[in-house]
Amino acid sequence: LTYQWQYKTPTGSWKNSVGTGKTTDTLSTTATIARNNYQFHCIVTDANGNQVISDAVTLAVFGIKTQPKAISTVAGQNVTMKVAAVGEDLTYQWQYKTPTGSWKNSVGEGNKTDTLSISATTGRADYQFRCIVKDGDGNKVTSSAAKLTVLGIKTQPKAVTADKGTTVTFKVVATGEDLTYQWQYKTPTGSWKNSVSEGKNTDTLSVVATAARNNYQFRCIVKSGSNSVTSNAVALTVK
């Protein structure tokens, strides 16, 4: 007897296999996601050229086909994390992890589906998300972890009342990656202009409380890549 194993994709035609054991009675193949729902059969030939073909059998593979992707966004946006899995009778459980915490089950919208929907708040900056997928036989696979990067103002600057001649500071706390800062000021009757004071391109601006700056307003524009957010405007009152 001689043997020839063949395979067929869900939409294709029969082709000779090149897997290990393809011309023996036992074919070995790796169960990859790409081979999910492939069919296999074997053509057996005797010395007289007679042939019989075995029944076709299906390879059902359980696994993650598409991993969730990291997301970089601005605070206030709604974002989705998505996983694509193959298998039968699948169930899903999304989980999250804070930068210093452990994995916990998410209660967000779609937490038991293939798509999790969440609001990108500064409180969730640098959270990681993953999905645990189970099939009907109780087998389990866990997706890769995807990071949520949120550009936003976590702590707004505060208004300051100070004595004339003292140095005061305005501070902003922002979340995001590769942040840049630009402090601006505005006179009571003017428009916003970039500050030239100490710390103008950092998270903390230092200015001298002069009589001329009484009732000036200050704010900070924070950028990450092409995205930007602007802090609240706060006043400097000079006594």
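**Overall form, backbone and salt bridges of a predicted chain**

Asn215 is partly exposed, with a relative accessible area of 41%; a residue is termed buried under 20% relative accessible area, exposed over 50% and partly exposed in between, as computed with a 1.4 Å probe and protein chains only. The model is a predicted one, in which local features need pLDDT of at least 70 and side-chain atom pairs count only at pLDDT 80 or more, while totals for chains, interfaces and linings use all residues. Residues are numbered from 1 along each chain as its sequence is written, and side-chain values use heavy atoms, with hydrogens and water left out.

The place of Asn215 is in the loop between strand S21 and strand S22 (216-224). Although Asn215 is not a glycine, its phi is positive, at about 70 degrees. Asp126, in the loop between S12 and S13, likewise has a positive phi, near 70 degrees, and is a residue other than glycine. As a rule, most residues other than glycine have a negative phi.

The chain contains 24 strands and zero helices, where helices (H or I, at least four residues) and strands (E, at least two) are DSSP runs numbered from the N terminus. The C-alpha trace spans about 110 × 30 × 25 Å along its principal axes. The radius of gyration of the chain is 31 Å, whereas a compact globule of 239 residues would have a value near 18 Å; this radius is taken over C-alpha atoms, and the globule rule is 2.2 Å times the number of residues to the power 0.38.

Of the 239 residues, 36% count as buried. Among contacts (heavy atoms within 4.5 Å) with a separation of 6 or more, 54% involve residues 24 or more positions apart. The accessible surface, from the Shrake-Rupley method with a 1.4 Å probe, comes to about 13,500 Å², and 46% of this area belongs to carbon and sulfur atoms.

A salt bridge is defined as a side-chain nitrogen of Lys or Arg within 4 Å of a carboxyl oxygen of Asp or Glu. By this rule the count comes to five salt bridges. One of them joins Asp114 to Lys82, with the closest N and O atoms 3.3 Å apart. This pair links distant parts of the chain, 32 residues apart: Asp114 is in the loop between strand S11 (104-105) and strand S12 (115-119), and Lys82 is in strand S8 (residues 78-82). Asp114 is partly exposed at 28%, as is Lys82 at 46%.

A further salt bridge is formed by Asp126 and Lys147, whose closest N and O atoms are 3.6 Å apart. Asp126 lies in the loop between S12 and strand S13 (128-134) and Lys147 in strand S15 (residues 146-155), so the pair ties together parts that are 21 residues apart in sequence. Both partners are partly exposed, Asp126 at 33% and Lys147 at 32%.

Asp203 and Lys171 also meet in a salt bridge, at 3.2 Å from N to O. Because Asp203 lies in the loop between strand S20 (193-194) and strand S21 (204-208) and Lys171 in strand S17 (residues 167-171), the pair ties together parts that are 32 residues apart in sequence. Asp203 counts as partly exposed at 27% relative accessibility, and Lys171 counts as partly exposed at 43%. Salt bridges that share partners join Asp126, Lys147 and Glu177 into one network.
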